[in-house]
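Q: I have a new structure to go through with you. Please keep it short and plain.

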Amino acid sequence: MWVYKSIIGPLIIKRMSNGRYGLFYNGELYNSSPSARAAADDVCCFATGLSKWDSLSGFIDYPSDLSEWVQYPDNW
């Protein structure tokens, strides 16, 4: 599981039971991707499906890739 502490609150990427990686915000799934890196790229491109985040494109700093997220054990 990876966490990015954004200005709107924590964005979380975690592996789901179907093997895909979900992007979660406030406990709700907004997007799924084939890899954690692809999910982080969606955040970088402001293409998450989470309008509260996507609408900030061009206005804030953002994580350029998964290396800027904090990784935690999956059972955290």
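**Walking through the chain**

Q: Where does Phe46 lie?
A: Phe46 is in the loop between α1 (36-44) and α2 (51-54). Helices (H or I, at least four residues) and strands (E, at least two) are DSSP runs, numbered from the N terminus.

Q: What kind of model is this, and how are residues numbered?
A: This is a predicted model, where local features need pLDDT of at least 70, side-chain atom pairs count only at pLDDT 80 or more, and totals for chains, interfaces and linings use all residues. Residues are numbered from 1 along each chain as its sequence is written, and side-chain values use heavy atoms, with hydrogens and water left out.

Q: Back to Phe46. Buried or exposed?
A: Phe46 is buried, at a relative accessible area of 9%. Buried means under 20% relative accessible area, exposed means over 50%, and partly exposed is in between (1.4 Å probe, protein chains only).

Q: What about phi of Phe46?
A: Phi of Phe46 is near 55 degrees. That is a positive value in a residue other than glycine.

Q: What is phi of Asn26 near?
A: Phi of Asn26 is near 55 degrees, again positive in a residue other than glycine. Asn26 sits in the loop between β3 and β4 (28-33).

Q: Is Asn26 buried or exposed?
A: Asn26 is exposed, with a relative accessible area of 67%.

Q: Zoom out. How many helices and strands are in the chain?
A: The chain has two helices and five strands.

Q: What pattern do they follow along the sequence?
A: The pattern reads β-β-β-β-α-α-β. The radius of gyration is 11 Å, close to the 11 Å that the globule rule gives for 76 residues, so the chain is as compact as a globular protein of that length. That radius is taken over C-alpha atoms, and the rule is 2.2 Å times the number of residues to the power 0.38.

Q: What does the C-alpha trace span along its principal axes?
A: It spans about 35 × 20 × 20 Å.

Q: What share of the chain's residues is buried?
A: Buried residues make up 42% of the 76 residues.

Q: Next topic: contacts. What share join residues at least 24 apart?
A: Among contacts between residues at least 6 apart in sequence, 37% join residues at least 24 apart. Contact means heavy atoms within 4.5 Å.

Q: Which residues does Gly9 contact?
A: Leaving out neighbours within four places in sequence, Gly9 contacts Tyr4 and Tyr25. Gly9 is in strand β2. At 17% relative accessibility, Gly9 counts as buried.

Q: How many residues apart along the chain are Gly9 and Trp53?
A: They are 44 residues apart along the chain. Their C-alpha atoms are separated by 9.8 Å.

Q: Now Pro34. Which residues does Pro34 touch?
A: Pro34 touches Arg20 and Tyr21, not counting residues up to four places away in sequence. Pro34 lies in the loop between β4 and α1. Pro34 is exposed, with a relative accessible area of 61%.

Q: What about Met1: buried or exposed?
A: Met1 counts as buried, at 7% relative accessibility. Met1 is in the segment before β1 (2-6). Met1 and Ala36 are 35 residues apart in sequence and 8.6 Å apart in space, C-alpha to C-alpha.

Q: Switching to cysteines. How many disulfides does the structure hold?
A: The structure holds zero disulfides. A disulfide is a pair of cysteine sulfur atoms within 2.5 Å.

Q: Last one. How many positive and negative side chains are there?
A: The chain has 6 positive and 8 negative side chains, and the centres of the two sets lie 8 Å apart. Lys and Arg count as positive and Asp and Glu as negative; His and the chain ends are not counted. The place of a charge is taken as NZ of Lys, CZ of Arg, CG of Asp or CD of Glu.
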